[in-house]
Amino acid sequence: MSLIENPSDTSDTCCRTTRRNVIGAVAALAAAPAIGLAAEPTAAASASPETLSPDQALKEIMDGNARFVAGAPTAHTKDLAIVKARAAEGQWPIVGVLSCADSRVPVEMVFDEPIGRLFVTRVAGNITTPEIIASLEYGIAVLGIKAVVVMGHSNCGAVKAAIENPEVPGQISALFPAILPAVYMSGSADPMVVTRQNAVIQAATLINSSPVVEGKVKAGELKVVPAVYDVATGKVELLPIPPAMRMNK
Ligand SMILES: [Zn+2]
């Protein structure tokens with residue numbers, strides 16, 4: 001977990017989102033230049049979040065996924081330069097991602113984004129727990145991310161376990177209740193069908209349960225988009241949220 005420094009107070013490495021901290025952070029964010037990407041090849045790649053629309057931010061990461069699928073990623077060539085240049089000064093991510101913890105879903109690689117560009121939260125089954133929602137609210141309210149991608153993936157063990165409901169050790173079964181609505185709503189025992197439904201439900205839950213998220217979505221300043229990642233091809237597919245699943249349209 002790297003809820004990194006509030007840009008207004010680098011001595012505070014925790015993530016207290018008091019009103020003072022939020023306002024200070026947002027002010028500092030607005031005044032700060034884009035993270036040191038002077039060597040970036042394109043203007044789009046170096047744009048800070050306040051200069052991008054939600055659609056532009058999503059286009060950037062989907063263009064990155066196309067490079068990843070084509071076997072022509074470029075982000076890794078910039079990472080060390082970014083660390084050396086300015087990563088310690090703050091973070092200016094453009095997109096938040098809620099991903100499964102599965103080791104086959106390396107989020108920055110999948111979207112071919114360098115250090116500092118994605119605000120990633122991960123938990124098995126990509127479920128919207130209170131802690132995940134709080135983390136993404138920080139990314140939205142303080143860091144100014146313009147889109148959140150809620151991304152399930154093929155061959156997801158958490159989804160399969162929720163469908164089959166086996167005896168499991170420890171606290172693994174704590175994941176199941178959040179995934180079961182997708183099993184019931186889809187009426188399917190096909191893991192991929194449930195995975196797609198789960199991504200949609202978790203994205204809708206993020207909007208419906210958070211005034212911070214809902215307010216930004218309504219204002220057109222944020223998009224929350226379900227997605228599925230194919231671990232066999234590397235391809236990300238964005239999914240729609242049915243209007244009926246949004247409680248406060
Ligand atoms: Zn998974």
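## The sheet and its helices

This is a predicted model, and its open sheet has five strands in the order β2-β1-β3-β4-β5, with mixed pairing.

Q: Which strands stand at the edges of the sheet?
A: Read the order β2-β1-β3-β4-β5 from end to end. An edge strand here has a single partner strand, so one side of it is left without a neighbour in the sheet.

Q: Which residue of β2 is the bridge partner of Ser 99?
A: Start with β1 (residues 95-99), which runs parallel to β2 (residues 118-122) and is joined to it by five bridges. Ser 99 belongs to the set that points one way from β1, along with Val 95 and Val 97. Its bridge partner in β2 is Arg 122.

Q: In β3, what is the bridge partner of Val 97?
A: β1 also pairs with β3 (residues 147-153), again in the parallel sense and over five bridges. One of the links in this pair is Val 95 with Ala 147. For Val 97, the partner is Val 149.

Q: How many of the five residues of β1 are buried?
A: In a regular strand, side chains alternate between the two faces of the sheet. In β1, Val 95, Val 97 and Ser 99 point one way while Gly 96 and Leu 98 point the other way, and all are buried. Helix α6 lies across β1, β2 and β3, at about 170° to β1. The count of buried residues in β1 is five.

Q: Is Ile 163 buried or exposed?
A: Ile 163 sits in helix α7 (residues 157-164). Beyond residues up to four places away in sequence, it touches Val 183, Ala 189, Pro 191 and Val 194. The cut-off for a buried residue is 20 or more C-beta neighbours within 10 Å. With 21 of them, Ile 163 counts as buried.

Q: What arc holds the buried residues of α7?
A: The residues in question are Ala 158, Val 159, Ala 162 and Ile 163. Seen down the helix axis, they line one face of α7, because they all fall within an arc of 135°.

Q: Are α7 and α9 roughly parallel or roughly perpendicular?
A: Their axes are 10 Å apart and meet at an angle of about 105°. Val 159, Lys 160 and Ile 163 of α7 make the contact with Pro 191, Val 194, Thr 195 and Asn 198 of α9. Angles from 65 to 115 degrees fall in one class, so the two helices are roughly perpendicular.

Q: Which strand do the buried residues of α10 pack against?
A: In α10 (residues 211-218), the buried residues are Val 213, Lys 216 and Val 217. They fall within an arc of 100°, so they line one face of the helix. That set packs against α6 (130-141), α9 (191-209) and, as the strand, β4 (223-229).

Q: Over which residues is the pLDDT below 50?
A: The chain averages a pLDDT of 84, and 80% of the residues score at least 70. Where pLDDT is low, the predicted coordinates should not be read in detail. The stretch with values below 50 covers residues 1-45.

Technical notes
Residues are numbered from 1 along each chain as its sequence is written. A residue is buried if 20 or more other C-beta atoms lie within 10 Å of its own, exposed if 12 or fewer, and partly exposed in between; C-beta atoms are placed from the backbone. Helices (H or I, at least four residues) and strands (E, at least two) are DSSP runs, numbered from the N terminus. Two strands pair if DSSP finds at least two bridges between them. The arc is that of the directions from the helix axis to the C-beta atoms. Two residues are in contact if their C-beta atoms, placed from the backbone, lie within 7 Å. pLDDT is the predictor's confidence in each residue, from 0 to 100. Axes are lines fitted to C-alpha atoms, for helices over the stretch in contact, and angles run from 0 to 180 degrees between N-to-C directions. Angles under 35 degrees count as roughly parallel, over 145 as roughly antiparallel, 65 to 115 as roughly perpendicular and the rest as oblique.
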